[in-house]
Amino acid sequence: MDLPPGAVHLASHLTPDAQRKLAAECRALMDGDVPAYVPVVRGGGKMHVRMLCLGRHWNGQTYRYESVRTDFDSLPAPPLPSSFKALADGIARTAGMTLDADLCILNYYDADGRMGLHQDKDESPGSLEAGVPVVSISLGDTARFLFGGLRRKDPVMAIPLQSGDAFVFGGPSRLRYHGVSRIVPDTAPPELGLHGRFNLTFRQF
Ligand SMILES: O=C(O)CCC(=O)C(=O)O
């Protein structure tokens with residue numbers, strides 16, 4: 001599939017071993033002292049994922065980043081593990097881009113999980129203007145990922161993101177609309193012991 005400039009799909013980028021290790025770390029973080037939760041966004045709708053932000057917290061009411069979760073429990077966002085950061089920065093390099101990730105939004109999708117079309121545009125103006133990429137890593141069940149244009153109404157392509165895939169969008173693609181229309185249940189590699197899907201998106205504020 002031909003992707004637009006600035007978008008790179010690295011299929012099967014993570015080895016099965018790396019996937020297993022990362023999935024275990026994601027699970028531990030999500031059920032840790034600062035647990036994942038289901039954000040309620042502006043307008044009152046519940047998101048269809050469980051979310052945990054690392055490094056900085058994205059507030060679903062204000063659409064701003066902050067250090068503590070004032071839209072939920074006022075707990076501090078856990079730090080971004082250095083191994084996560086190194087992985088994401090390396091993936092950006094592999095895709096020919098530069099990222100100095102300082103935050104990660106970790107989402108868990110169950111069989112009914114999804115995410116509407118949106119732009120990632122809450123990072124700093126400097127980061128957005130420079131086209132610093134978002135690096136996305138998928139683990140577990142396959143997602144039907146939608147990747148559109150710079151306007152909500154632009155046509156979208158549907159890209160299956162499988163466990164171990166990385167997807168990078170920066171430069172002229174940084175503000176493209178994207179989302180997840182559905183999860184394909186029971187497609188996770190059995191050795192992950194994961195029902196559902198983790199997605200990690202790394203950004204540079
Ligand atoms: O789950 C995905 O593949 C996309 C996640 C996403 O769009 C986001 O976190 O902003």
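How far is an oxygen atom of the ligand from an N or O atom in the side chain of asparagine 199? The distance is 3.3 Å in this predicted model.

## Ligand site

The residues surrounding the ligand are Asn107, Tyr109, Met115, His118, Asp120, Phe145, His178, Val180, Arg197, Asn199, Thr201 and Arg203. Besides the pair at asparagine 199, an N or O atom in the side chain of arginine 197 is 2.8 Å from an oxygen atom of the ligand. For threonine 201, a polar side-chain atom lies 3.5 Å from a ligand oxygen atom. On its own the ligand has 290 Å² of accessible area, and the protein covers 96% of that area.

An open sheet is formed by six strands, in the order 1-10-7-12-5-2, with antiparallel pairing. Strand 1 (7-10) and strand 2 (50-54) are the edge strands, each pairing on one side only. From one strand to the next, the twist averages 15 degrees.

At one edge, strand 2 pairs with strand 5 (residues 103-109) over five bridges, in the antiparallel sense. Within this pair, leucine 52 stands opposite leucine 106 of strand 5.

## Helices on the sheet

Helix 1 (residues 16-30) packs on the sheet and touches strand 2, strand 5, strand 7 (134-140) and strand 12 (197-203). The direction of helix 1 makes about 85 degrees with that of strand 12.

Helix 2 (residues 82-94) lies across strand 1, strand 2, strand 7, strand 10 (166-169) and strand 12. Relative to strand 7, helix 2 runs at about 115 degrees.

Key. Residues numbered from 1 in each chain as written. Predicted model: local features only at pLDDT ≥ 70, side-chain atom pairs only at ≥ 80, totals over all residues. Heavy atoms only, no water. Pairing = 2+ DSSP bridges. Helix = DSSP H or I, 4+ residues; strand = E, 2+ residues; numbered from the N terminus. Axes fitted to C-alpha atoms, helices over the stretch in contact; angles between N-to-C directions. Contact = heavy atoms within 4.5 Å. Near = heavy atom within 4 Å. Polar contact = N/O pair within 3.5 Å; in protein donor to acceptor, adjacent residues only side chain to side chain. Areas by Shrake-Rupley, 256 points an atom, 1.4 Å probe, with all protein chains shown as cover.
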